[in-house]
Amino acid sequence: MRFRWKYAHSTKRKSCEEDLEDKETREHSKDRFLEKGSITSQRKSRFLVAISALVFLFGLLQIIHLHTQSEDPKMLTDVGNILEFDKPSHPTHSQSIDGLDIERSIRDDDKSLLVDAIPEPNDQSESKASSKNKSENKRVVRETLTETGKLSQKYSVSTGKLRTRYIVEVIDRPKKPVVSYTNGDSRFRQNMNPSWIQGQSGLVIRVQNCSRGPGTCFPCYGSGQNASRLVMVACNIVTGTCSNSKSQPIDSSNVIFGPSNEADILGTEDPRIVFNSLQEQYFMTYTAFGYHPKPKGKGVNRMPFLAIAKSKTGLKDTWEKMGSALDPVQVPSKAGAILVEMDKSKPDYGVAYLFWGDTNVTVVKSNTVGKWNVKENTMGDLIQIRSDGFDNRLVESGPPPLPLRDGNYLFFYNSAEKGWPHDPATAYNVGFIVLDGSNKTNILQRSPKNEPLLSPKYSWEHGDLPHQCVVPNVVFVEAATILNSSEKAAFCKTSKYISACENEVDLIRVYYGGADASIGTAVISIKIEY
């Protein structure tokens with residue numbers, strides 16, 4: 001028994017010693033395994049850190065490379081003169097304008113206000129939801145007042161890799177009208193809303209002959225002698241002056257276009273003329289004011305509609321009325337400006353865009369100059385009202401867009417403020433956009449919302465005595481043309497605006513109506529900086 005216990009005890013002890021040895025062996029193996037795993041983990045960590053450092057360094061080099069390519073060093077030298085977005089982007093013409101960069105010249109560091117730039121959809125194939133999102137996407141920049149209290153009209157926009165800066169300024173604006181009944185230039189009491197006719201060096205003017213005392217603003221309409229007609233008068237593009245070729249006031253002998261049927265018996269109004277050089281043809285949109293059947297044939301309405309006419313010379317007795325510019329006929333409708341892209345491969349030698357409407361400006365495209373299908377070819381609203389801007393009631397087209405040297409277009413538009421014409425603190429103003437030459441639905445730049453390019457300033461624009469007046473506080477541009485090199489040189493000889501005579505500056509002569517009764521002129525300069 002003792003032997004058995006001793007044997008069992010020694011066996012148990014041996015077993016315990018073996019178990020202890022096995023446990024120590026396992027603990028040692030586990031420690032070695034953990035040590036090996038720790039070393040491997042450390043190596044992986046070092047490897048990942050090295051990879052991350054390389055990726056960061058590569059990205060940093062790319063950013064520096066792009067920055068040096070896209071930024072104009074001249075624009076970054078003076079932070080006090082130029083303000084930028086925190087994260088500027090540089091869209092190409094084919095991209096959206098979500099990344100619109102606007103730079104404004106500032107001259108007073110203390111006074112500031114907010115101005116927004118409203119991007120527009122830039123692709124007609126985009127969905128309505130996408131377009132709506134883009135139209136609501138606003139970028140706010142900070143802008144300061146100049147020492148004179150007026151905003152400096154200097155703006156910029158990123159286009160491609162270069163930052164383009166358009167500087168638009170009114171440099172000359174005579175105090176007196178160039179065509180006025182009061183001044184004896186016309187026998188018509190109301191002279192308004194002229195259009196420039198290329199090649200004829202003159203204006204086509206809407207005239208009426210409603211009689212009432214000067215300084216009293218009243219609507220002017222009616223048939224017969226009270227109906228509006230169109231006359232032609234020669235003008236000197238250098239000096240801006242206009243005169244009848246017969247050295248006498250404008251009268252009925254100057255009429256080139258007028259009412260001829262029920263559709264325009266109340267007047268032919270507000271011409272906008274473009275010349276298609278490949279067709280050698282003038283096209284004129286105008287508002288035909290007349291009687292139109294009511295829906296379901298119950299009587300007639302007195303309504304305007306947008307009409308079109310054509311002529312080989314633009315002179316008297318050569319205009320052919322083509323009916324409605326819009327298919328189907330839109331009643332009421334008005335205010336249409338044409339842009340033709342010349343192309344000999346097209347049936348009518350070009351693609352024609354029509355910018356029309358008097359609430360928002362809508363774009364319609366056509367391969368046939370003279371007829372635009374609004375149901376099939378409408379590309380959307382180009383210029384919309386801005387609820388907190390000078391154009392918060394309505395916008396409508398000015399003259400046909402003018403080509404710029406960089407392939408884009410300068411497009412003037414007319415607009416009204418809420419409360420006009422009853423509120424004397426409101427007015428009809430002129431603004432502008434820079435239109436993308438490669439995408440006619442894309443606005444590259446727009447007048448700041450609190451500073452129109454032109455506003456009523458002189459007594460004849462307000463409709464005050466001794467001048468005639470139809471509606472007060474109105475300036476309305478429909479005539480614009482770019483001065484060629486010789487015309488610019490002649491203007492600069494007598495101009496005090498030396499900076500406007502630099503080679504890279506283009507000068508534009510505009511004619512505009514004031515208080516819907518007289519016509520004035522101004523010279524606007526545009527400079528493109530990169």
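Tutor: Before we start: a residue is called exposed when its relative accessible area is over 50%, and buried when it is under 20%. Also, this is a predicted model.
Student: OK, then is Phe 47 buried or exposed?
Tutor: Phe 47 counts as exposed, because its relative accessibility is 55%.
Student: Which helix does Phe 47 lie in?
Tutor: That's α1, which covers residues 2–70.
Student: And which residues form a nonpolar patch with Phe 47 on the surface?
Tutor: Leu 48, Ile 51, Leu 54 and Val 55 do, and together with Phe 47 they have about 520 Å² of accessible area.
Student: Switching topic. Where is Asn 392 found?
Tutor: Look in the loop between β19 (378–383) and β20 (394–397). Asn 392 counts as buried because its relative accessibility is 13%.
Student: What does the side chain of Asn 392 reach?
Tutor: Two backbone atoms to look at: the oxygen of Gly 389 at 3.2 Å, and the nitrogen of Lys 418 at 2.7 Å.
Student: Which residues does Asn 392 touch, leaving out those up to four places away in sequence?
Tutor: Ile 385, Arg 386 and Ser 387, plus Ala 416, Glu 417 and Lys 418.
Student: Last one: which residues of α4 are buried?
Tutor: In α4 (residues 485–494), they are Lys 488, Phe 491 and Cys 492. Seen down the axis of α4, these buried residues fall within an arc of 100°, so they line one face of the helix.
Student: What exposed residues does the face turned away from that buried side carry?
Tutor: Lys 493 and Thr 494.

Conventions
Residues numbered from 1 in each chain as written. Predicted model: local features only at pLDDT ≥ 70, side-chain atom pairs only at ≥ 80, totals over all residues. Heavy atoms only, no water. Helix = DSSP H or I, 4+ residues; strand = E, 2+ residues; numbered from the N terminus. Buried < 20%, exposed > 50% of the residue type's maximum accessible area, 1.4 Å probe, protein only. Polar contact = N/O pair within 3.5 Å; in protein donor to acceptor, adjacent residues only side chain to side chain. Contact = heavy atoms within 4.5 Å. Patch = residues over 30% accessible without salt bridge, like charges linked within 9 Å, V, L, I, M, F, W, Y side chains within 5 Å. Areas by Shrake-Rupley, 256 points an atom, 1.4 Å probe, with all protein chains shown as cover. Salt bridge = Lys/Arg side-chain N within 4 Å of Asp/Glu carboxyl O. Arc of directions from axis to C-beta.
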